[in-house]
Amino acid sequence: MQTLAGKKILLGISGGIAAYKCAELTRRLIERGAEVRVVMTSAAKEFITPLTMQAVSGHPVSESLFDPAAEASMGHIELAKWADLVLIAPATADLIARIRAGMGNDLLSTLVLATDSPVAVSPAMNQQMYQNAATQENIAALDKRGLNIWGPGSGEQACGDVGLGRMLEPMQLVERCELFFQTNEIQPKSQPLAGKSVLISAGPTREAIDPVRYISNHSSGKMGYALAEAALELGAEVTLVSGPVSISAPTHASTVQVESALQMHEAVMANAPTHDVFISCAAVADYRPEIIADQKIKKADDSDQMSITMVKNPDIVASVAALTKNRPFTVGFAAETQDVEKYARGKLINKNLDMICANDVSITGQGFNSNDNAITVFEKQGEHSLPLASKTQLAQSIMMLIEKSL
Ligand code: C5P
């Protein structure tokens, strides 16, 4: 049963032998509908690999305060704000002491400082360390501060001792989470798009030449996927029409996978009239080969050249904007290498869009394939400049601008 549906759990793993149980814990939480993001201390990595935790959680693991790639995808403050519950399991004596002292000397302790979400701590350590007066005082202080202390359990320990100090078993922790959400009125995060539906196209298209070759582009899909995440966060229902990308789709979006521009056109047109907003973030190929060869095209011995006749693809965003019935609020993207404002405003008018997000792709380190971007949002009246930031942050700003215009 989806007893944890939609709950966002930030799982903090510190360096105890019980860390190996976190893969199982994560699976059980996700099975019940939770979304799990994982943060590991450097000692935790001695007991279970980030790769394992990435595979079971479906998201990259955050490990360091100073990792530019991780900060770009979801910065530590965003992570701290994202969680409905921060669950630290196993929590070592050292981490508990650092949390008690209010230290922020690694990513996990910093997140505990930066979050306003409830925190649950599941102690796990040798029974003597647990009995130690310092640990007892530290745990009592966290308890007094309002953190939830779950465990420890009693029994045989990895070191051979017997006593209190075992981490609760994964299923016991899952039950604690269920009980916690049942009995606590978690303040819902602000959801101004609740009741609205958002359709987003993302990624590149592939235009087949023959059964093994195609024409495509470098779009990573990151911006469109970040928009989907941001819309979900704000409470919208999200449909994602995605070209082939190597990133995983947000769990709670309904995703339609397509390859070619014609397939994307069909999927978008089928969905657009039932959505309040359409964001065309996909890098759609403007042209496709007129003929897709049935068999692999062979190299010709008698000619150094070959040519492929290309025909125009339908302009998807313009087709949506031209709908006369049930037309959604329509947002386009424009990647330009010069005269950004002139070309973006031209597209806003020519394609009859409500809003266009323009970026200058001639600048290295932003736009295509990058984690960062800088965007100017043009509406018929007015513009908003969104300076260089992670695509996650930009997506949140864009979704807020769209929400204000609905
Ligand atoms: O004309 P240009 O390709 O620069 O316009 C970019 C915008 O148009 C983007 O929002 C893109 O998703 C959309 N587009 C489309 N169908 C096409 C080409 C572009 O929806 N065939």
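A polar contact is a pair of N or O atoms within 3.5 Å. The model is predicted.

Q: Which atom of the ligand lies 2.8 Å from a backbone N or O atom of Val317?
A: The Val317 atom is a backbone N or O.

Q: What part of the ligand's area does the protein bury?
A: A backbone N or O atom of Phe333 lies 2.8 Å from a ligand oxygen. A polar side-chain atom of Lys351 lies 2.9 Å from an oxygen atom of the ligand. Taken alone, the ligand exposes 450 Å². Of that, the protein buries 86%.

Q: Is Asp354 buried or exposed?
A: Asp354 sits in the loop between α13 (340-350) and β17 (355-360). Its relative accessible area is 19%. The cut-off for buried is under 20%, so Asp354 counts as buried.

Q: Which side chain makes a polar contact with the side chain of Asp354?
A: Beyond its neighbours within four places in sequence, Asp354 is in contact with several residues, including Pro328, Leu348 and Glu379. Its side chain reaches the backbone nitrogen of Thr330 at 2.7 Å. The side-chain partner, at 2.9 Å, is Arg327.

Q: Where is Cys159 found?
A: An unreviewed UniProt entry annotates Cys159 as "active site". Such annotations may be inferred rather than shown by experiment. In the model, Cys159 is in the loop between β6 (153-156) and β7 (162-166).

Terms used:
Residues numbered from 1 in each chain as written. Predicted model: local features only at pLDDT ≥ 70, side-chain atom pairs only at ≥ 80, totals over all residues. Heavy atoms only, no water. Helix = DSSP H or I, 4+ residues; strand = E, 2+ residues; numbered from the N terminus. Buried < 20%, exposed > 50% of the residue type's maximum accessible area, 1.4 Å probe, protein only. Polar contact = N/O pair within 3.5 Å; in protein donor to acceptor, adjacent residues only side chain to side chain. Contact = heavy atoms within 4.5 Å. Areas by Shrake-Rupley, 256 points an atom, 1.4 Å probe, with all protein chains shown as cover.
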